[in-house]
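Dear colleague,

Please find the structure below, together with its sequence. My notes on it follow.

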Amino acid sequence: MRRRIRRLTRGEVKAALMYVDLDNFKQVNDTRGHEVGDEVLVRVSEILRANTRSTDMVARLGGDEFAVWLDDADASVAAGRAEVFLAAAAVLRKFSGSADKPLMLSIGIAVYSPTHGEDVNEFVSRADAAMYAIKRRGKGSYGIAPPAGPQ
């Protein structure tokens with residue numbers, strides 16, 4: 001990611017980082033078993049990879065968290081991609097541990113602008129904070145972090 005950000009600082013191209021977290025995943029493992037949980041993680045990976053470009057990057061961060069880097073993407077491009085991910089993730093509901101705790105995605109988005117001089121840690125923290133804000137508001141959606149720099 002540091003290499004990708006260095007490349008951005010040489011131009012005026014933006015990029016977006018998406019933090020993707022599975023909502024209610026622990027209940028899947030607890031009630032349906034780790035084998036089903038593993039299948040869910042594979043499905044999420046397939047959803048993310050099938051709906052990104054070859055220049056983008058999809059990575060599992062650990063547990064039930066994933067990151068998606070969108071090259072040459074502003075907030076509207078990232079929001080559109082988040083909507084695609086959420087629609088595609090509807091198939092995950094059949095793996096839910098219970099009807100009242102459906103398996104969904106919460107997505108936090110941060111857009112990197114080379115003009116703000118933001119470091120990698122700040123950038124990642126903005127995407128992570130946007131994801132947790134969605135979880136606090138009810139899950140199963142996406143949010144975009146405020147831009148870096150003076151507001």
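**Findings**

Lys139 is partly exposed, with a relative accessible area of 33%; here buried means under 20% relative accessible area, exposed over 50%, and partly exposed in between, for a 1.4 Å probe and protein chains only. Lys139 sits in the loop between helix H5 (120-137) and strand S5 (142-144), and has a positive phi of about 75° although it is not a glycine. Asp72 is another residue other than glycine with a positive phi, near 50°. The loop between S3 and H4 holds Asp72, which counts as exposed at 55% relative accessibility.

Please note that this is a predicted model, in which local features need pLDDT of at least 70 and side-chain atom pairs count only at pLDDT 80 or more, while totals for chains, interfaces and linings use all residues. Residues are numbered from 1 along each chain as its sequence is written, and side-chain values use heavy atoms, with hydrogens and water left out.

As to the fold, the chain has five helices and five strands. Helices (H or I, at least four residues) and strands (E, at least two) are DSSP runs, numbered from the N terminus. Along the sequence they follow the pattern α-β-α-α-β-β-α-β-α-β. The radius of gyration is 16 Å, close to the 15 Å that the globule rule gives for 151 residues, so the chain is as compact as a globular protein of that length. That radius is taken over C-alpha atoms, and the rule is 2.2 Å times the number of residues to the power 0.38. Of the 151 residues, 48% count as buried.

The largest nonpolar core has 27 residues, of which Met18, Leu22, Val40 and Leu92 touch the most other members. Such a core is a set of buried Ala, Val, Leu, Ile, Met, Phe, Trp, Tyr and Cys residues joined through side-chain atoms within 4.5 Å. At least two residues of this core come from each of strand S1 (15-23), helix H2 (25-32), helix H3 (34-50), strand S3 (65-70), helix H4 (75-88) and strand S4 (104-112). H3 gives the most, with six residues. Leaving aside residues up to four places away in sequence, Leu92 touches Leu22, Val40, Arg43, Val44, Ile47, Leu103 and Leu105, where contact means heavy atoms within 4.5 Å. A second, separate core of 14 residues includes Ala15, Val120, Met131 and Ala145.

With kind regards
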